[in-house]
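Thanks, everyone, for making the time.

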Amino acid sequence: MTADHETINCPFDYSEALEFDPALADLMQRDSPARIRLPYGDADAWLITGFDSVKQVTTDQRFSRAGIIGHDYPRMTPEPIVSPESINVMDPPLSSRVRHLASQAFTQQQVDGMRQRITELADLLLDDMEKKGPPADLVQHLSNTLPQHTVLDLLGIERQEWPRIEASLHQLLVVGAGTKEAAAGAKADLTAYFAKLVEQRRHSPGPDLISAMAAAREGEEQLDDRELAVMALMLALSGQDTATCQISNITYLLLTRPELMKHLRHQPESLTDVLHELLRWIPFRKGVGIPRVALEDVELDGARIRAGDFVHVSYLTANRDRERYPDPHVIDLDRPSVPHMTFGWGGHRCIAMPLAMAELEVAIGCLVERFPDLRLAVPPEEVRWDTETIRRFPLELPVAW
């Protein structure tokens with residue numbers, strides 16, 4: 001550890017609605033990177049907060065994700081969420097090959113082809129909500145269900161398997177100390193399940209994502225069975241994650257800030273830009289994700305990061321960097337569009353981002369169009385928020401119309 005830096009204990013357990021974590025806000029005010037101690041792992045880490053510095057760490061090959069394998073690295077969850085074979089802990093050029101092949105299943109053209117299916121799934125869910133009548137829980141009817149159904153549907157998983165897969169996936173994201181064994185068991189179960197599925201698709205391909213990724217070629221290169229299985233698991237997990245939380249978070253903002261809803265109703269063509277500004281602003285998780293290891297000594301923002309040190313970046317603070325976004329804590333729907341970091345950056349940016357955006361556009365677009373007088377059915381302070389996982393989202397969103 002570097003002698004001239006105190007270590008700051010960071011539970012990162014703040015979950016007050018969508019307020020920004022005061023501990024993170026404090027850390028981003030510092031002139032140089034802080035040393036932090038997270039709830040799990042046997043070492044401290046540096047925390048990088050500014051947009052340009054985060055960009056540097058995520059694109060500089062002196063910082064390695066693969067270097068964390070085999071270490072009890074600093075993290076938020078008892079059991080590491082990622083498998084050692086996951087693309088999330090590969091470095092270029094190895095990760096570049098896997099990403100390039102897998103991303104052929106998520107080109108804009110491919111996703112545009114999926115949009116009709118996503119719209120049909122959303123319409124079915126909203127038909128059901130309308131039939132049951134208000135008040136209805138939007139989390140149950142749409143936010144949780146649409147991304148899960150979409151990704152499981154696109155992976156070609158039989159509908160009767162969905163509840164079991166969803167339960168195992170949820171188990172991987174829980175943070176309590178007593179959940180380590182259950183999470184490890186769920187991960188082993190899912191890995192075996194997807195390995196079997198990959199084998200089936202190799203023999204009889206269908207119109208699904210696994211078959212599409214299996215068919216992806218770059219010269220002689222293609223994904224092997226293990227890579228495909230891990231990629232399928234990661235995609236299934238992403239169906240539980242970003243889009244799920246963000247449908248609820250974005251709807252909550254639209255229902256508690258009438259000017260946002262009014263803007264969207266009057267200018268429906270601005271939907272994509274509005275979504276990007278809300279995605280930039282929303283603190284979509286607690287704390288930090290997967291760290292990197294410095295492979296050599298690096299000077300960054302006035303700190304000397306030594307070879308072997310763990311380095312965490314905060315996409316949340318990067319999204320609020322005033323150098324890049326004037327008045328960063330304000331939701332400004334007229335803000336000139338510049339890329340944000342909600343889907344990550346560099347070699348580990350989410351390859352399924354076009355799919356997640358399509359889900360958000362369909363979900364929010366359908367909701368605003370079909371329920372012009374949608375409103376919260378309880379006072380905002382009565383909405384219950386998740387405190388058990390690394391994510392930020394309402395557990396229920398009771399709505400009426």
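I will talk about a sheet, then about aromatic pairs, and then about charges over rings.

Please keep in mind throughout that this is a predicted model.

Let me begin with the sheet, which is an open one of three strands in the order β5-β11-β10, with antiparallel pairing. The edge positions belong to β5, residues 136-137, and to β10, residues 375-376, and because each of these has a single partner strand, one side of each is left without a neighbour in the sheet. If we look at how β5 meets β11, the strand covering residues 398-400, we find two bridges joining them, and within that pairing A136 stands opposite V399 of β11.

Turning now to the aromatic side chains, the structure contains five aromatic pairs. One of them is formed by F51 and Y325, in an edge-to-face arrangement with 6.2 Å from centre to centre and 80 degrees between the planes. Since F51 belongs to helix α2, residues 51-59, while Y325 sits in the loop between α14 and α15, this pair ties together parts that are 274 residues apart in sequence. Both F51 and Y325 are buried, and together with W345 they make up one aromatic cluster.

Another edge-to-face pair is that of Y193 and F194, with 5.4 Å between centres and 80 degrees between the planes, and here too both residues are buried.

Finally, the charges: R75 places its charged end over the ring of Y73, 5.5 Å from the ring centre, while the charged end of R257 sits over the ring of W281, 4.9 Å from its centre.

Terms used
Residues numbered from 1 in each chain as written. Predicted model: local features only at pLDDT ≥ 70, side-chain atom pairs only at ≥ 80, totals over all residues. Heavy atoms only, no water. Pairing = 2+ DSSP bridges. Helix = DSSP H or I, 4+ residues; strand = E, 2+ residues; numbered from the N terminus. Phe/Tyr/Trp six-rings, centres within 6.5 Å; stacked < 30°, edge-to-face > 60°. Buried < 20%, exposed > 50% of the residue type's maximum accessible area, 1.4 Å probe, protein only. Lys NZ or Arg CZ within 6 Å of the ring centre and 35° of its normal.
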